[in-house]
Amino acid sequence: MFTKAKVIVAIIVVLIDTTIAQLAMGMNSVLYPVALQGLNLNNTMIGVCLSMEVFAILTIGQSISAIIAFLGLPRVLVVLPILRALILYFLPTFQTWWAWSIGIFVFGMATDMFLISLQIWLNTIQITRFKGLVMGAYAAALSGGVALGPIILQYVGTEGRYPFRVNALLCALTALPTLLLYLLIPKLATTEKPRIAFVIKNSQAIYASALVGGITWFGLPAFLTIFGTANGMSIKDAAFLISFFEFGSVTVGWAICFFSDFVDRRLFVIVCVFFNLLCAIYLPMAIFNTKLAYLLLFIWGGLMGGIYSICLTMIGENFRMEDQVSANVAYVLMDAAGGFIGVNLIGMAMDTLGNEGLAYVIVAGSVSYFIFALSRYRPI
């Protein structure tokens, strides 16, 4: 039985690990497209390559529970940061599209498993009050790390191997907080096969929002740098589009999740998706005014962070301890499926329909969610 102090310490460690881990993702959101454009690839090929990061979780998702059962959650949280660091250290030496795709795939596999493990740890901590506030802090850590990535690149640059090696060092650092509090990490008694179908069937609206949210959560940052530069922005200004999107999740998203403690969370998610739709519609117009584009993406990031953290809160409330691994794995799988679909469709749409293809894909996904969610919503 953990004391109140140990619970607080465990929450802080999860948030620190998450933030540092996500720094790599923020830096990669700029480094990957720039490096791949240097290989003279079109947007479709870049999209396929970038989608390997989220495709990885679709291939390994069914095995995550078995891996955690075999190694134990504490070991998983120590080993994966080292693997992530090694991949980023060698990635810039690759010169072919195939090699980059494989490298990004393996890095995505390690990253997703690491974040799922942190998420499982957080959802097993006995939080008696303000569960939404804590999960909002987790979503803020996810986004805050990504937001800081492009800022760090302003000092280390975007060319050559040096920024990748700085990124590798940051990945390795995420093992330190876990090692310091190794004994606080629970030894979960989990089955080797997660009950994915069971949890999705029992919370369809939650997992549908994850699928649609993944289209924006992964697809938008993957192409924001390219979208911004294609519309006349410098690489520096376009990189900050990602930062404002993620900072919005840190601030507005946290506030949205906290407010959801006092309302019907299901209805609140539907409202957030509606405003997500509006942001996608106005992005092609706002992009020509830098300040307006930053403001739009700040609000947009808040909406996406709110959706993510509210859904995680509902997962923690709706499922018993024995199903937490299955429920969290299922959520990340659906989120990754949306990301894989979104990144590929956005890349193809931008090649065939122009830069506005980015908005078309997100609008289509949001409308599809409305048709599904509204038809199943029943007031409590």
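How do the residues of the lining of the largest cavity divide into nonpolar, polar and charged? The legends below take up this point and others.

Figure 1. The lining divides into 19 nonpolar, six polar and four charged residues. Nonpolar means Ala, Val, Leu, Ile, Met, Phe, Trp, Tyr, Cys or Pro; charged means Asp, Glu, Lys or Arg; the others, Gly among them, are polar. Volume is the space filled by probe spheres set on the points, which are joined across faces, edges and corners. Of the 29 lining residues, Met-25, Glu-53, Val-54, Trp-217 and Phe-218 are the closest to the centre.

**Figure 2. The second largest cavity.** Its volume is about 50 Å³. H9, H12 and H13 each supply at least two lining residues. Helices are DSSP runs (H or I, at least four residues), numbered from the N terminus. H9 gives the largest share, five residues.

**Figure 3. Met-314 in helix H12 (residues 290–318).** Met-314 counts as buried because its relative accessibility is 8% (buried: under 20% relative accessible area, 1.4 Å probe, protein chains only).

Residues are numbered from 1 along each chain as its sequence is written. In this predicted model, local features need pLDDT of at least 70 and side-chain atom pairs pLDDT 80 or more, while totals for chains, interfaces and linings use all residues; side-chain values use heavy atoms, without hydrogens and water.

Key. Buried means under 20% relative accessible area, exposed over 50%, partly exposed in between (1.4 Å probe, protein chains only). On a 1 Å grid over the protein atoms alone, a cavity is a set of points where a 1.4 Å probe fits but cannot get out, and a pocket is an open set with protein on both sides within 12 Å along at least five of seven lines; lining residues have an atom within 4 Å of a point.
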